[in-house]
Amino acid sequence: MAADYLKAFTYPWEALSGIKEFIVGLGKSLSKEEYREVSPQVWVHKSATVAPSAYLGAPCIIGANTEVRHCAFIRGSALVGNNCVVGNSCELKNVILFDNVQTPHYNYVGDSILGYRSHMGAGAVTSNVKSDRSLVVVKGEKEIETGLKKFGAILGDGVEVGCNSVLNPGTIVGKNTNIYPLSCVRGVVPANSIYKTGGKIVTKK
């Protein structure tokens with residue numbers, strides 16, 4: 001649902017500051033035959049399952065066949081795609097989750113974009129603010145200033161993040177990459193890689 005919106009940007013993190021307004025506009029255009037506006041600016045697909053204990057803050061959109069489990073906390077500005085899982089005690093804030101994304105257990109995802117079929121292991125979180133509150137810089141082959149104080153992570157399609165890992169502010173993970181459990185990740189991790197203990201990165205074979 002965010003395809004056209006994201007195409008307008010050079011870098012994906014440029015989309016973060018406009019997610020709220022985008023969701024509000026998109027929500028108004030959704031089919032009333034497919035979506036219910038369960039509270040002001042909160043749209044839930046009729047095939048989605050939302051636990052009674054879950055909190056859905058405005059604005060947000062919950063896609064088809066998505067499961068929002070017990071005590072999930074969606075603070076707002078969250079676009080959750082189709083066939084997703086937002087699990088117990090997970091918190092989402094200012095995010096786009098592509099279709100088939102899973103944040104199933106004790107995850108915090110803030111100011112981030114998670115690509116198609118990416119998966120956050122239990123307890124894995126995005127850290128979206130630097131400890132010194134300075135603006136986030138993406139550090140890869142070159143440093144790119146984002147101008148953002150709050151920016152968590154961008155995950156490519158098919159990324160697997162191991163349990164209890166921390167994705168530090170401005171982390172970019174290329175598609176089909178695996179992050180070992182208990183990792184502390186920062187900077188740019190190439191596509192089709194394995195991020196191992198101690199920050200060693202190897203290419204998948």
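How many Å² does the accessible surface of the chain come to, and what share of this surface belongs to carbon and sulfur atoms? The accessible surface amounts to about 9,900 Å², and 50% of it belongs to carbon and sulfur atoms; accessible areas were computed by the Shrake-Rupley method with a 1.4 Å probe, and for residues only the protein chains shown count as cover. The structure is a predicted model, in which local features need pLDDT of at least 70 and side-chain atom pairs count only at pLDDT 80 or more, while totals for chains, interfaces and linings use all residues. Residues are numbered from 1 along each chain as its sequence is written, and side-chain values use heavy atoms, with hydrogens and water left out.

The chain contains two helices and 24 strands. Helices (H or I, at least four residues) and strands (E, at least two) are DSSP runs, numbered from the N terminus. The radius of gyration, taken over C-alpha atoms, is 16 Å, close to the 17 Å that the globule rule gives for 205 residues, so the chain is as compact as a globular protein of that length. The globule rule is 2.2 Å times the number of residues to the power 0.38. Along its principal axes, the C-alpha trace spans about 50 × 35 × 30 Å. Of the 205 residues, 50% are buried, where buried means under 20% relative accessible area, exposed over 50%, and partly exposed in between (1.4 Å probe, protein chains only). Contact means heavy atoms within 4.5 Å; among contacts between residues at least 6 apart in sequence, 26% join residues at least 24 apart.

Strand β9 (residues 91-97) is mostly covered, with six of its seven residues buried. Two strands pair if DSSP finds at least two bridges between them. Strand β7 (residues 73-80) pairs with β9 in the parallel sense over six bridges, and V80 has L97 of β9 as its bridge partner. Strand β11 (residues 108-114) also runs parallel to β9 and is joined to β9 by six bridges; here V95 has S112 of β11 as its bridge partner. Helix α2 (residues 19-29) has the buried residues I19, F22, I23, V24, L26 and G27. These buried residues pack against α1 (3-6), β2 (42-45), β5 (60-62), β7 and β9.

Two loop residues were examined individually. S165 lies between β17 (160-161) and β18 (166-167) and is buried, with a relative accessible area of 0%. Its side chain reaches the backbone nitrogen of L182 at 3.4 Å. Residues up to four places away in sequence aside, S165 touches G123, A124, V125, I179, Y180, P181, L182 and S183. L148 is located in the loop between β15 (143-145) and β16 (153-155) and counts as buried at 17% relative accessibility. Apart from neighbours within four places in sequence, L148 is in contact with W13, L16, L135 and V136. The C-alpha atoms of L148 and I194, which are 46 residues apart along the chain, are separated by 28 Å.

A disulfide is a covalent bond between the sulfur atoms of two cysteines. With a disulfide taken as a pair of cysteine sulfur atoms within 2.5 Å, the count comes to zero. C60 is in no disulfide, and the nearest cysteine sulfur, that of C84, is 12 Å away. C60 counts as buried, at 0% relative accessibility. The sulfur of C184 is 16 Å from the closest cysteine sulfur, in C163, which is too far for a bond. C184 is partly exposed, with a relative accessible area of 48%.

Notes: A polar contact is a pair of N or O atoms within 3.5 Å; within protein, one must be able to donate a hydrogen and the other to accept it, and residues adjacent in sequence count only if both atoms are side-chain atoms.
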